[in-house]
Amino acid sequence: MKIRTLQPSDMEAASAVCLAAFHHSVASSLPDEGIATFHNIAMPESFRERMAKDTVMLVAEVENKVVGVAELRDGCHVSMLFVSPDQQKQGIGKALFSGLLQQARSNKITVSASLSSVPAYQKYGFGISGNVGQIAGLIFQPMEMTIL
């Protein structure tokens, strides 16, 4: 497995990984509005737009195939962490998260976790930091962790 910076040529593959993982683990818990919102966020054009901002985007590659995607916004907020459904439970998410932490510019890291991903983020050291929220149909649990 190789963790590296997302390249413009990775956009289609990154989008496909995010959508596959989202539909496998998250979509069934959301209203139609949330599914549509996520589809917009995960489109290759949206990745291109976010690349121009204060965002670190990483991919995990196995045998030259993108199997995971992670994104850190503003040096302190995990805005994406997805692994292909057929590659989960192999340490890819943990490796991507570790790569994001190396790029962090704050000792407090936050995430708006999908409800199904809360246990994974708790394993990474996050704690619940607020009430469940909903924006544009996306239901999330605010979480944060402090890096020592």
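Predicted model: local features only at pLDDT ≥ 70, side-chain atom pairs only at ≥ 80, totals over all residues.

Reader: Okay, helices. At what angle do α1 and α3 cross?

Author: Roughly 110°, and the axes of α1 (residues 11–25) and α3 (residues 44–51) come within 8 Å. That makes the two helices roughly perpendicular. The crossing of α1 past α3 is right-handed.

Reader: Which residues meet there?

Author: From α1 you have Met11, Glu12, Ala14, Ser15 and Cys18, and from α3 there are Pro44, Phe47, Arg48 and Met51. Sorted by class, that contact has six nonpolar, one polar and two charged residues.

Reader: And α1 with α2, are they roughly parallel or roughly antiparallel?

Author: Roughly antiparallel. Their axes cross at roughly 160° and come within 9 Å, with α2 covering residues 32–42. α1 passes α2 in a right-handed crossing as well.

Reader: What does α1 use to touch α2?

Author: Ser15, Cys18, Leu19, Phe22 and His23. On the α2 side they meet Gly34, Ile35, Phe38, His39 and Ala42. This contact has six nonpolar and four polar residues, with no charged ones. Ser15 and Cys18 are listed in the α3 contact and in the α2 contact.

Reader: Is β3 itself mostly covered or mostly open?

Author: Mostly covered: β3 spans residues 65–73, and seven of its nine residues are buried.

Reader: What's on the β4 side of β3?

Author: β3 and β4 run antiparallel and are joined by six bridges. Arginine 73 stands opposite histidine 77 in β4. That hairpin has three residues between its strands.

Reader: Tell me about histidine 77, is it buried or exposed?

Author: Histidine 77 is buried, because its relative accessible area is 13% and the cut-off for buried is under 20%. Its place is in β4, which runs over residues 77–83.

Reader: What does histidine 77 contact, leaving aside its neighbours within four places in sequence?

Author: Glu71, Leu72, Thr110, Val111 and Ser112.

Reader: Where is aspartate 74?

Author: In the loop between β3 and β4. Aspartate 74 is partly exposed, with a relative accessible area of 44%.

Reader: What is the phi of alanine 136?

Author: Alanine 136 has a positive phi too, about 55°, and it isn't a glycine. You'll find alanine 136 in the loop between β7 (133–135) and β8 (138–146). Its relative accessibility is 34%, so alanine 136 counts as partly exposed.

Reader: Great, that's what I was after. Thanks!

Terms used
Residues numbered from 1 in each chain as written. Heavy atoms only, no water. Axes fitted to C-alpha atoms, helices over the stretch in contact; angles between N-to-C directions. Helix = DSSP H or I, 4+ residues; strand = E, 2+ residues; numbered from the N terminus. Parallel < 35°, antiparallel > 145°, perpendicular 65-115°, else oblique. Left-handed = near helix turned anticlockwise from the far one by under 90°. Contact = heavy atoms within 4.5 Å. Nonpolar A, V, L, I, M, F, W, Y, C, P; charged D, E, K, R; others polar. Buried < 20%, exposed > 50% of the residue type's maximum accessible area, 1.4 Å probe, protein only. Pairing = 2+ DSSP bridges.
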